[in-house]
Amino acid sequence: MVSIKSKSAALEKLISIEEYFRLEAKSLTKNEYHNGIILKMAGAKLKHNLLAQAASAVLFNHVKTKRLNFIVSNSDTKIYIERVNKVVYPDAVVISRPPLFYKKRKDTIVNPHLIVEVLSDSTEKHDRNGKFEWYRTIPSFQEYVLIYQESQQVVVWTKQTDGTWVLRDYIGENAVAFLHTLEGCTMLLGDLYPDEADFQED
């Protein structure tokens, strides 16, 4: 989750991607690389983290049960997007086996199959548009799952055989989101979202 406001704090001097990786290895916070510029990621709220964790669990259990040829990883995995020279952190990612790494770096992959992003008010536009445009330049990328943080809604974009993308919108606790590229994987929104009572103001 990149804070849109953080662009104003971006380094004026463009740096190489090798320098970015060197700095990132020492950083106490997560930062993304955008074609020579480092952007600091905003800290995520508890609800955001719980949604990302729940989605990862659904994906992991499905892939393991079905013995699919994928690996499920969390937000610590970086994705390198060659066409736009960017390194980003997704909220969750399903990787085609075998994982392909950027210049043999074991923390940065180049072949995501499915990507999950949890939408907050500050990043919704960025994740729905900018990031999706970047991700679509990756040949292996087949499905995009957007989970709204403040309402029970999941949007799934699925790539078709002709290269076009189809959007499916799922709303409400009884809705079941289908992930068509993972052999029948489903997400019941009522199970995905945490108890709202835990987030009520005192």
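User: What should I know about numbering and confidence before I start?

Analyst: Residues are numbered from 1 along each chain as its sequence is written, and side-chain values use heavy atoms, with hydrogens and water left out. The model is predicted, and local features need pLDDT of at least 70, side-chain atom pairs count only at pLDDT 80 or more, and totals for chains, interfaces and linings use all residues.

User: How are strands and their pairing defined, and what is the order of the five strands in the open sheet?

Analyst: Helices (H or I, at least four residues) and strands (E, at least two) are DSSP runs, numbered from the N terminus. Two strands pair if DSSP finds at least two bridges between them. Here five strands make an open sheet with mixed pairing, in the order E2-E1-E5-E4-E7. Its edge strands, each pairing on one side only, are E2 (37-40) and E7 (108-109). Strand E4 (residues 78-81) and E7 run parallel and are joined by two bridges. Within this sheet, Ile79 stands opposite Ile109 of E7.

User: Which helix packs on that sheet, and which strands does it touch?

Analyst: Contact means heavy atoms within 4.5 Å. Axes are lines fitted to C-alpha atoms, for helices over the stretch in contact, and angles run from 0 to 180 degrees between N-to-C directions. Helix H1 (residues 17-26) packs on the sheet and touches strand E1 (31-34), E2, E4, strand E5 (86-88) and E7. The direction of H1 makes about 180 degrees with that of E1.

User: What is the order of the open sheet of six strands?

Analyst: The order is E3-E6-E8-E9-E10-E11, and the pairing is mixed. Strand E3 (70-74) and strand E11 (165-171) are the edges, each pairing on one side only. From one strand to the next, the twist averages 15 degrees. Strand E6 (residues 92-96) pairs with strand E8 (residues 112-119) in the antiparallel sense over four bridges, and Val93 has Ile115 in E8 as its bridge partner. E8 and E9 run parallel, joined by six bridges; Leu114 stands opposite Glu143 in E9. E9 and strand E10 (residues 153-159) run antiparallel with five bridges, and a hairpin joins them through four residues. Ile147 stands opposite Val154 in E10.

User: How many residues of strand E9 are buried?

Analyst: Buried means under 20% relative accessible area, exposed over 50%, and partly exposed in between (1.4 Å probe, protein chains only). In strand E9 (residues 143-148), six of its six residues are buried. Both faces are covered: Glu143, Val145 and Ile147 lie on one side, and Tyr144, Leu146 and Tyr148 on the other.

User: Where does Arg83 lie, and is Arg83 buried or exposed?

Analyst: Arg83 lies in the loop between E4 and E5. Arg83 counts as exposed because its relative accessibility is 67%. From C-alpha to C-alpha, Arg83 and Arg136 are 9.9 Å apart in space, and they are 53 residues apart in sequence.
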